[in-house]
Amino acid sequence: MSEADTAREENPPRREFKARGSFVVRCEGCNLPALNCLCPYRVSAQSHARVWLITHRMEHYKPTNTGRLIGDVLDDTRVFTWHRTEPDTELLALLADPGYAPFVVFPDDQPDYDHGRVVGNDAVSQALERGRTPVYILLDGTWRQARRIFRKSPYLDALPVLPLHTERHSRYRLRKSASMGHLSTAEVAAELLRQNGDIDAADVLDDYFDAFNQSYAESRGHRKIHTPSPAMKRLLERQHQVENDSENAVL
């Protein structure tokens, strides 16, 4: 990376990032175009594991970012903005908490680290058996940004690396990827949850991601969704069930 590129990465423009479609009227709740608001499909799920996002600051300004979908579904999700020279003190405190078993989610085919750190899903199961809460640390940004976060964050160096092995192809339609095997942040989280036993949370997150994907894609074409997709219908049914359970509990 050149000195100019490094300067831009560490000192981004002070103005808010203006993505394509920045003048579109957006819902204040979900940040999607109001034409196809995502809020009616938002439901929560529970999981044994937690997800912590270390997000590149430019991702916060991108309405196509999928990391925020994880927090919509899993209430215990934490989001930390990455700063190369000023690590988040709250994140450091959480990493030192023995009640958590954090894993950095990163490929195992990169020359960036000692591959003795690589673990498999059995390490997640072992953490649960020992009464610790597994944590998937996702590096939220472009591949170039994620690799830089991994390399330039010394507080991650002692953590085990958990690669995601899957034959799943990305369903993400809003950004171009070099490969169908390159999943979006939300897809990575859903697959990790599924592989490690949090099936219900994975299913809800997958459906919510599909609803987001379709809502945004249709809005780009200025098309109103009149008939909910199967994923949207499942989310609505779940939401209605939660509401009914809450009413019955009060009665």
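This is a predicted model: local features need pLDDT of at least 70, side-chain atom pairs count only at pLDDT 80 or more; totals for chains, interfaces and linings use all residues.
**Exercise 1. Describe the order of helices and strands along the protein chain.**

Step 1. Count the elements. The protein chain has eight helices and five strands. Helices (H or I, at least four residues) and strands (E, at least two) are DSSP runs, numbered from the N terminus.

Step 2. Read along the sequence. The pattern is α-β-α-β-α-β-α-β-α-β-α-α-α.

Step 3. The protein chain has 251 residues, and 45% of them count as buried.

**Exercise 2. Work out the strand order of the sheet and the sense of its pairing.**

Step 1. Write the order. Five strands form an open sheet, β2-β1-β4-β3-β5, with parallel pairing. Two strands pair if DSSP finds at least two bridges between them.

Step 2. β2 (78-81) and β5 are the edge strands, and each pairs on one side only.

Step 3. Look at β1 and β4. Six bridges join them in the parallel sense. Arg50 stands opposite Val135 in β4.

Step 4. Look at β3 and β4. Five bridges join this parallel pair. Tyr100 stands opposite Thr133 in β4. Val104 stands opposite Ile137 in β4.

Step 5. Follow the chain from β3 through α4 to β4. This β-α-β crossover is right-handed. The term applies if, with the strands pointing away from the viewer, the path from the first strand over the helix to the second runs clockwise.

**Exercise 3. Show how α6 is covered, and by what it is packed.**

Step 1. Check the burial. Nine of the eleven residues of α6 are buried. Among them are Thr185, Glu187, Glu191 and Leu193.

Step 2. List the partners. The buried residues of α6 pack against β1, α2, β3, β4, β5 (161-162) and α7.

Step 3. Zoom in on Leu192. Leaving out residues up to four places away in sequence, Leu192 touches Val105, Tyr136, Leu138, Leu162 and Leu164. Touching is contact: heavy atoms within 4.5 Å.

Step 4. Asn196 is in the loop between α6 and α7. Asn196 is buried, with a relative accessible area of 14%. Apart from neighbours within four places in sequence, Asn196 is in contact with Asn121, Val124 and Tyr136.

**Exercise 4. Identify the largest nonpolar core and the elements that supply it.**

Step 1. A nonpolar core is a set of buried Ala, Val, Leu, Ile, Met, Phe, Trp, Tyr and Cys residues joined through side-chain atoms within 4.5 Å.

Step 2. The largest core has 43 residues, and Leu38, Ile70, Tyr136, Leu138 and Leu192 have the most contacts inside it.

Step 3. Name suppliers. Elements that each give at least two residues include β1 (50-55), β3 (100-105), α4 (121-129), α6 (185-195) and α8 (230-250). The largest share, nine residues, comes from α7.

Step 4. Separate the second core. It has 20 residues, including Trp52, Phe80, Tyr113 and Leu159.

**Exercise 5. Explain why Ala211 counts as buried, and say what it touches.**

Step 1. Ala211 is in helix α7.

Step 2. Apply the cut-off. Ala211 counts as buried because its relative accessibility is 0%.

Step 3. List the contacts. Not counting residues up to four places away in sequence, Ala211 touches Leu38, Met232 and Leu235.

Step 4. Compare sequence and space. Ala211 and Leu235 are 24 residues apart along the chain, and their C-alpha atoms are separated by 8.9 Å.

Conventions: Residues are numbered from 1 along each chain as its sequence is written. Side-chain values use heavy atoms; hydrogens and water are left out. Buried means under 20% relative accessible area, exposed over 50%, partly exposed in between (1.4 Å probe, protein chains only).
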